[in-house]
Number of protein chains: 2
Amino acid sequence: MTTRAPERATPPWIRPHVTALHPYVPGEQPQEEGWVKLNTNENPYLLPQVVQAVAEAAGDALQCYPDPVCTALRAGLSARYGVPPEAILCGNGSDELLTLAVRVVAGEGDRIAYPDPSYSLYETLARIQNAFPVPVPLGPSWELPVADLAAAGGRLTLVANPNAPTGTPYQLQEIETLAGSVEGLLLVDEAYVDFGGQTALPLLARHENVLVLRTMSKAFGLAGMRLGYAFGAPATITALRKVQDSYPVDRLTQVAGMVALERFDEVMANAQEIARRRDRYAGILRQRFGWKVWPSATNFLLAEPASRAASEVFAALKARRILVRHFAKARVERCLRISVGTEAEMGALVEALEGVLA
Amino acid sequence: MTTRAPERATPPWIRPHVTALHPYVPGEQPQEEGWVKLNTNENPYLLPQVVQAVAEAAGDALQCYPDPVCTALRAGLSARYGVPPEAILCGNGSDELLTLAVRVVAGEGDRIAYPDPSYSLYETLARIQNAFPVPVPLGPSWELPVADLAAAGGRLTLVANPNAPTGTPYQLQEIETLAGSVEGLLLVDEAYVDFGGQTALPLLARHENVLVLRTMSKAFGLAGMRLGYAFGAPATITALRKVQDSYPVDRLTQVAGMVALERFDEVMANAQEIARRRDRYAGILRQRFGWKVWPSATNFLLAEPASRAASEVFAALKARRILVRHFAKARVERCLRISVGTEAEMGALVEALEGVLA
């Protein structure tokens, strides 16, 4: 454009609370080659059969809209998880389903409770909706504050199990107690459950107010395709679907999800391999560098360097083209969150740390 | 599940206005073969080079998150449309961008104005947000009611140009007058512009309150991939991005969009072929069957059967596995909306109509 309209800093049509928002900042996604990327909890083990199926499906009617309600994919999820299709909703990543849950349950000023520290998107989503975010501190070793969460009075309560960025798993009994004591909807975000957590799916039969979220971005290795799903009471699922866009999941993503489900045992075997590697490298970080490493049931480790500030170690690793995650946030600012990658990537990390910490 | 929690019809955590919603109903998407599908304005001419590029990209790191801000794709859009990258936002179909615009601009009870009849999703989105929908009647031949729309006092005004389901194109001058007279944001939904409409992109240089939406679902033939984009003032784009999910457009969709843009001339040549076919079949419907067919600048025709009710013709065609669209809605209930497909599909339609109307 050769000319430009005079621009005000804050156009009056933007709602004031949106202008005031600090956006959620996802981990860096360098698009060029050559990085060891241990910062966004991706999974190196995408099954080649999934890639093959997606490539073949590219020739199949991409000019036509996808199935708006993911009928075949939901049938596959139903068979795998023992939940009826009308209790399942698929979305453009579990992030979309989190957004939908907030919009369906919380109006302006309504309370949304969640443990702190946890997935920082929860607070962002509450603020986007102009709802009232209520962070509830985790215990000293990241224990779930069940009574405090219930007392927080959330119309919506969000709990990641296992938790991120701490990696902490919570017991089904704790989640059930919480389900029975919160006033509103309890959303259990099980993004990392396949690496060692306990699922809340059995609670669906006993607690109508439980919504379980899953993603194919972690154990299934499909972060690049964007596929999440929710399991919950049909009345809740119906409400979420009413608010969702018409065609949330594209044709190829539906295919990828179905093929990944068909190979569920291989997916789980890969997840277990990552879990074993996680535990081995937790030991290495502790023993070789004297770091404090928290117990993890996920595909990442929360680790506190012994002698140097986490932010310095983060920068020194980045200079060597190794990305981990550092959160400038109370209680975790002294830690790094390190995704568990391939054996070669973890070896490169340890080798780099030997240089950085020498 | 062997047992089921007792289920109330309306769980108390669902916001009352969501419970009251009637969901938007998209056109039928039969997933089996053998249908002549002229009901959702898809485009039969997807370029084979796009399919090829998507198939090849399936092998490229689907386990990694996509670029959250579509850097390369926005660069391609910037070069093609002469709009700077910071004035462009990509989304999971233009439906997602419509949703974001509503959420960013309109709070509960705020007025959202739009012509009627138009894309029925506009009313649905207003109701989802618990905003106040203000439909403004089009003129007797679907003329844009510029003064009435301005007087409607929308914090957000939504105009499809060309309009759907009428197919009507509006002049740039009309859109500019509207931009200068509405109080808030004017969203111009140009989903069909490549089939013969006038774009509002030149207004971006003069009117900060204009947001132009495009989609790759129509002229670009990528409905199955879900890609839309918005052009607007950087302050508006920034606000939309703050409210958007982190990774809205998956890796393969970003590739598809970039390759389709590189072949823009071929895409436009296909769109022009569809436009010529549209005009030819408009003539056939008028002359052979005596139907009233409205002038169209889109890839569909709004046609009023002469002797039989539109709903009956719809049903008779469906029985022959030909899908067109019928809206049970005032002023268009006597009409069918017919997408322009291949020559063979349009021939099959005419042949079927000869049987149905005999």
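At what angle do helix H2 and helix H9 of chain B pack, and how many Å apart are their axes? The angle is about 150 degrees and the axes lie 9 Å apart, with H2(B) covering residues 48–57 and H9(B) residues 251–262. This is a predicted model, where local features need pLDDT of at least 70, side-chain atom pairs count only at pLDDT 80 or more, and totals for chains, interfaces and linings use all residues. Residues are numbered from 1 along each chain as its sequence is written, chains are lettered from A and ligands numbered from 1 in the order written, and side-chain values use heavy atoms, leaving out hydrogens and water.

**Helix pair**
- H2(B) passes H9(B) in a right-handed crossing (the near helix is turned clockwise from the far one by less than a right angle).
- On the H2(B) side, the contact (heavy atoms within 4.5 Å) includes B:Val50, B:Ala53 and B:Val54, while H9(B) brings residues including B:Leu252 and B:Val255.

**Sheet**
- Chain B has an open sheet of 7 strands in the order S2-S8-S7-S6-S5-S3-S4, with mixed pairing (two strands pair if DSSP finds at least two bridges between them).
- S2 (88–91) and S4 (132–137) of chain B each have a single partner strand, so one side of each lacks a neighbour in the sheet.
- Helices (H or I, at least four residues) and strands (E, at least two) are DSSP runs, numbered from the N terminus.
- S3(B), residues 111–116, runs parallel to S4(B) and is joined to it by 6 bridges; B:Pro115 has B:Val136 of S4(B) as its bridge partner.

**Helix over sheet**
- H7(B), residues 172–181, lies across S5(B), S6(B) and S7(B), at about 155 degrees to S6(B) (axes are lines fitted to C-alpha atoms, for helices over the stretch in contact, and angles run from 0 to 180 degrees between N-to-C directions).
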